[in-house]
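Me: Hey, can you walk me through this one? I'm new to it and would like the plain version.

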Amino acid sequence: MSVYVAMKRPPGKDDPARPKRSAYDKALGLLARREHSRKELKTKLRQGGYEGGEATDALERLGEQHYQDDDRFAEVLLRSRIAQGYGPLRLRVELKSHGLADARIRELLDAAEVDWVASAAAQLRRRYGGAGTADPAERTRRAQFLLRRGFAAATVRSVTHADVDEADDIS
């Protein structure tokens with residue numbers, strides 16, 4: 001004879017018996033994982049079903065307590081993307097999508113003091129090796145690669161033409 005005992009499970013995510021977390025607690029949990037922009041947190045809170053006023057109050061409180069700071073978020077994001085080899089145009093668009101002002105984005109990019117030509121050249125070496133090429137189709141492919149990564153056309157031109165000049169020196 002078998003006896004089954006029903007065990008009570010803790011309430012799950014969607015269980016109505018589980019009390020809903022406050023917008024502040026939800027946002028704090030998100031910030032515990034990684035930095036978020038104010039705009040990004042607001043979007044996530046609204047998607048989570050929190051009313052505009054409650055979300056705004058939570059974000060104000062987090063800002064006052066220095067748990068959420070758009071400047072800190074932007075600096076972390078900028079350092080990360082520069083290390084990944086992205087160019088200034090891509091960084092500008094990404095920071096803008098997080099709700100940062102154009103003037104602040106310019107300040108951050110200027111303060112980063114990145115040699116974009118050297119960064120673009122490093123991306124070419126990483127992707128294609130150290131050998132240059134005189135083949136126009138290959139040069140175009142390399143230029144398109146750098147443009148997709150967000151480097152300015154002038155930077156791409158100078159790097160890809162230097163690539164051709166190096167190949168001429170080898171011959």
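**Helix crossing and beyond**

Reply: Let's start with a pair of helices: α2 and α3 cross in a right-handed way. A crossing is called right-handed if the near helix is turned clockwise from the far one by less than a right angle, and left-handed if anticlockwise. Helices here are DSSP runs of H or I with at least four residues, strands are runs of E with at least two, and both are numbered from the N terminus. Keep in mind that this is a predicted model, where local features need pLDDT of at least 70 and side-chain atom pairs count only at pLDDT 80 or more, while totals for chains, interfaces and linings use all residues. Residues are numbered from 1 along each chain as its sequence is written, and side-chain values use heavy atoms, with hydrogens and water left out.

Me: At what angle do the axes of α2 and α3 cross?

Reply: Roughly 145°, and the axes come within 10 Å. Axes are lines fitted to C-alpha atoms, for helices over the stretch in contact, and angles run from 0 to 180 degrees between N-to-C directions. Helix α2 spans residues 38-47 and α3 spans residues 52-64.

Me: Which residues make the contact?

Reply: From α2 you get R38, L41, K42, L45 and R46, and from α3 G52, A55, T56, L59 and E60. Contact means heavy atoms within 4.5 Å.

Me: OK, zooming out. How many helices and strands are there?

Reply: Nine helices and zero strands. As for burial, 32% of the chain's 171 residues count as buried, meaning under 20% relative accessible area, with exposed being over 50% and partly exposed in between (1.4 Å probe, protein chains only).

Me: Which residues touch the most other members in the largest nonpolar core?

Reply: That core has 20 residues, and the ones touching the most other members are L78, L91, L95, L109, L146 and F151. Helices α4 (70-83), α5 (88-97), α6 (102-112), α7 (116-128), α8 (136-148) and α9 each give two or more residues to this core. The largest share, four residues, comes from α4. A nonpolar core is a set of buried Ala, Val, Leu, Ile, Met, Phe, Trp, Tyr and Cys residues joined through side-chain atoms within 4.5 Å.

Me: What does L109 touch?

Reply: Not counting residues up to four places away in sequence, L109 touches L78, P88, L91, R92 and W116.

Me: New topic: is A74 buried or exposed?

Reply: Buried, at 0% relative accessibility. A74 is in helix α4, and beyond four places in sequence A74 touches L95, L100 and L108.

Me: Last one: where is T160 found?

Reply: In helix α9, residues 153-170. T160 is buried, with a relative accessible area of 7%. The T160 side chain reaches the backbone oxygen of V156 at 2.8 Å.

Methods. Polar contact = N/O pair within 3.5 Å; in protein donor to acceptor, adjacent residues only side chain to side chain.
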